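Subject: A structure for you to look at

Hi,

Here is the structure I said I would pass on. Have it open while you read, and my notes follow below.

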Amino acid sequence: MSIKKVTQHPSQNEALIFERSQTGRIGYRLPKLDVEAANIDELIPAAFRRDDDLADVPEVSEVDVVRHFTRMSTWNYSIDLGLYPLGSCTMKYNSRLNEKVARISGFAGLHPLAPGEESQGALELIYRLQEALAEITGLPGVSLQPAAGAQGEMTGVMLIRAFLDERDGEASKERRVMLIPDSAHGTNPASAALAGFTVKTIRSTADGITDMDHLRELCSEGGVAGVMFTNPNTVGIFERNIKEICETVHNAGGLVYMDGANMNALVGVARPGDMGVDVIHLNLHKTFSTPHGGGGPGCGPCCCTAELAKYLPVPRIEKNSDGTFVLNNDAPATIGRVKAFYGNFGMMVRALSYIYTHGNDGLKEATEAAVLNARYLGHKLEGTFEKPFPSDGMHEAIFSHKNQAKNGVVTLDIAKRLIDYGFHPMTVYFPLVVEGAMLIEPTESVGRADLDAFAEAMIDIDREAREDPELVKNAPHSTRIGRLDEAAAARKPVLRWRPDMEAAGKSA
Amino acid sequence: MRYIPNSPEERGEMLKEIGLSSADELFRSIPEDIRLNRALNVTEPLAESEIIAAFEEMAARNTATVKPSFLGAGVYSHYSPTIVDHLIQRSEFFTSYTPYQPEISQGTLQYIFEFQTLVAQLTAMEVANASMYDGSTAMAEAYLMAQRVTRRDKVVVLDSVHPEYREVARTYTQHGDLEIVTAGFDPASGVGGDLAALDDKTAALVVQSPNFFGCVEDLTSLAAKAHEVGALLVVVVTEAISLGLLKAPGACDADIVVGEGQSWGIPASFGGPHVGFFATRDKFIRQMPGRLCGVAYDKNGNRGFTLTLSTREQHIRREKATSNICTNQGLIALAATIYMEAMGKKGLQEVAEQNAQKAAYAKKQIASIDGYSIPFSAPTFNEFVVRGPKPATEVLESVREAGVIGGLALSKYYSGRDNEFLVCVTETSSKANIDKLVAALL
């Protein structure tokens, strides 16, 4: 018999490291200093040296550190534990092979300023990944420098800005409107603002896709620099008018930016470059499985048309005719550098390993499996939860809490109750266009039995919402802490430990 | 495909259950004329052993990694205790997401809180965030925050700040209304500089310490000069190990301290992923970029941690957010946290002192070679500039022939300094290797 709800697993209490510290404990040993020590006052005058003896920095043994983090780790849910169906986040399996190859000392130990002829392997790896991403997106210009999706977006809209400034000269000033759908990620408008654009919002239709009439209307108002849209969009539906969207914006003199957060639905099936898109960012930590690591690091490559390539960040990684690889800083039209050195190289190693593991067939197979899993789950849940749009989704299924809200049970409650069933909740309250949104992205990395168990849990929660709403509203019941008072936390923020912290926090 | 649990047969059954007969039908909403009706032109699938062999072959061509190296300039070679890389590989840490559901993310939230605390302690600031992409973007964000806080539109930055950091800040600010004035450093001492541009329209004075040349700045006096005109002092730290020995920027009256945490046990990895940090004063909390983790209690009074003050952030505030950052460097911040805790108070002090001592030894040895001198008079931490008898690129090339990566020619970033190069010496540089460098210069 399978276990339906989670049972409490061993979960040790563990204080903050500062509360564990004991004067005199040591967790390290360095080799003895092998040069003759000079009088420190002669090297660095006392006025320039610390005089606080690193007050309150912890003193613990190595065993203390290992137990500290191991205990804390048991409080986390993770992909390795099970389905982690955060919509838009693409929580797929993080391969151990990728971890292994990123740690090869010839990669991990390489200094970014090492001579080019002594870094050829790293440069070749970057070049190979650029080539693979150009093929996957159908966009030949690639920079792997952006550190994460939001920085890839910023890079992308700055390419648009640079193109317009060059094409239109002074008149570019009159073209500063970026069109962004109401369903977009918040990073889109925030990135557009960094490129000096103001934002106009495009409405969505009742079908959950871009309202073409509204798009045309906004374009006819003039001043349009471009559009930033996500495809499949943030409700998981493919923008079937994509070619028309691109044409409309191009005819209005603007460029098309695509947020690649949802590329997991397209790899090997369709390419943004073939749709009319000018520039896209990818999230290697989504589509190409580099680990999310509790919030990062990411890697947000920017891929663009040949026309925009001259504006990409420097340095570029290029291949010489003799087969060697070189860092090229000579790019007068570049938007500049977006990050020190060349980006999150360790993530590039992992992503290339992912691509090689899948190969051409496997990449498409993963896309198909991801979409199938979402559709299957959507199918299982659509009788119980309100489906806000009639169209079939791609790699995500979206529902609202409308049916359950009649009993006072809202999305947050459903999410928290899922924890009691052993699942990480889906993305909640995003996108904003669906009230009480529940955005579910199972990814390809989950088997049918787990999908069935998740669907059963959701259906059970719906039943509980009718029969015993308080049970759901007070969930979770199985975790080491209950719902936190986040409003109080924000009113009087305690953002670091201090010896008197406990008292300060409780009085909040 | 071994990463996909459902077999082709199971997938066939699932398709049937949702009323489809082929995987192709899953994509009906994509118009035919934009489908890719061919195989991607990437490799055939490779086996683990083939991938390992191919990657090891590439890695082996990074020959710099097997030579003694004296490169620093923003990325430093420090010993990282074994437990750092071991603990970050627990799947509960590396395969989890941003802790948006605090009840099942307390492991992540508690280490973020510890990271924030440790950064605040080492910089002697009041508050720090959950991380930035790297030191360079943290500095760019500091420019923007100083502009918000002071409502002034000019930043004065010394040209002894890391040149790539300054390039990144320029990219970030090029479309705003912030003017950046680059002030020349004092060529005799290597620190301070011409602050004529610092006036009552200045939002911030930006300095790095130790600066790009390894020289320790007099932050207290620079803070006084900035504050005199109502500007903030932004201090950039690229070598975080220096915080174990040098007077903390917060103790010198800095208003914003940003930097790179790579030195806290993070591999060089050809420049990333590393971890930026961002610290400031309590009064500026609501103008900070990035995520913040704070204490919260449940209804039974149990203490926990949660992401907080998110009304500053893009997912709430959209184009009016304090930054566009979302994903940060979570797992690298974890590695840095483990490093700082394993080293502890004594270790952070000892490793800093060893860096200073070994670099001083190397500096003295090199300065005693005929034709070599130290052009800047200011005290240095673990890096220093050497002036040689001929172009540094030639000197370093001949050192490389002797099997040593001797440092960085300043001509990469600074014109008119052709004979100068930057040498970095850390606790990982053995006396034998320092002597090897010295011998190669002779």
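How many residues of chain A are in contact with how many residues of chain B? The count is 167 residues of chain A against 158 residues of chain B. One thing to keep in mind as you read on is that this is a predicted model.

If you sort the side of chain A that touches chain B by class, you get 90 nonpolar, 46 polar and 31 charged residues.

As for confidence, the model scores ipTM 0.98 and pTM 0.98. Chain B averages a pLDDT of 97, and 100% of its residues score at least 70.

Now for chain B as a whole. You'll find 12 helices and 12 strands in chain B, and its C-alpha atoms fill a box of roughly 80 × 50 × 50 Å along the principal axes. Of the 442 residues of chain B, 62% count as buried. Take the contacts in chain B with a separation of 6 or more: residues 24 or more positions apart account for 71% of them.

Chain B is divided into two domains. Domain 1 covers 63-79 + 345-441, and domain 2 covers 82-338. Their centres, taken over C-alpha atoms, are 27 Å apart. Where the two meet, 24 residues of domain 1 of chain B are in contact with 26 residues of domain 2 of chain B. On the domain 1 side, the elements that give two or more residues are helix H10 (330-367) and strand E10 (383-387) of chain B. H10(B) gives the most to that side, with seven residues. By class, that side of domain 1 has 14 nonpolar, eight polar and two charged residues.

- E10(B) and E12(B) pair in the antiparallel sense over five bridges; in E12(B), Leu422(B) is the bridge partner of Val385(B).
- E11(B) and strand E12 (residues 420-424) of chain B are antiparallel too, over two bridges; Leu408(B) has Leu422(B) as its bridge partner in E12(B).

So is E10(B) enclosed or open to the outside? Four of the five residues of E10(B) are buried, so this strand is largely enclosed by the rest of the structure. Something to remember when you look at strands: in a regular strand the side chains alternate between the two faces of the sheet.

Last, a stop back in chain A. Helix H8 (residues 187-194) of chain A is mostly covered, with eight of its eight residues buried. Among them are Thr187(A), Asn188(A), Pro189(A) and Leu194(A). Just after H8(A), look for Gly196(A), which takes a positive phi of about 85°.

Happy browsing!

Terms used
Residues are numbered from 1 along each chain as its sequence is written. Chains are lettered from A and ligands numbered from 1 in the order in which they are written. Domain bounds come from an automatic or database domain assignment. Two residues are in contact if their C-beta atoms, placed from the backbone, lie within 7 Å. Ala, Val, Leu, Ile, Met, Phe, Trp, Tyr, Cys and Pro count as nonpolar, Asp, Glu, Lys and Arg as charged, and the others, Gly among them, as polar. Two strands pair if DSSP finds at least two bridges between them. pLDDT is the predictor's confidence in each residue, from 0 to 100. A residue is buried if 20 or more other C-beta atoms lie within 10 Å of its own, exposed if 12 or fewer, and partly exposed in between; C-beta atoms are placed from the backbone.
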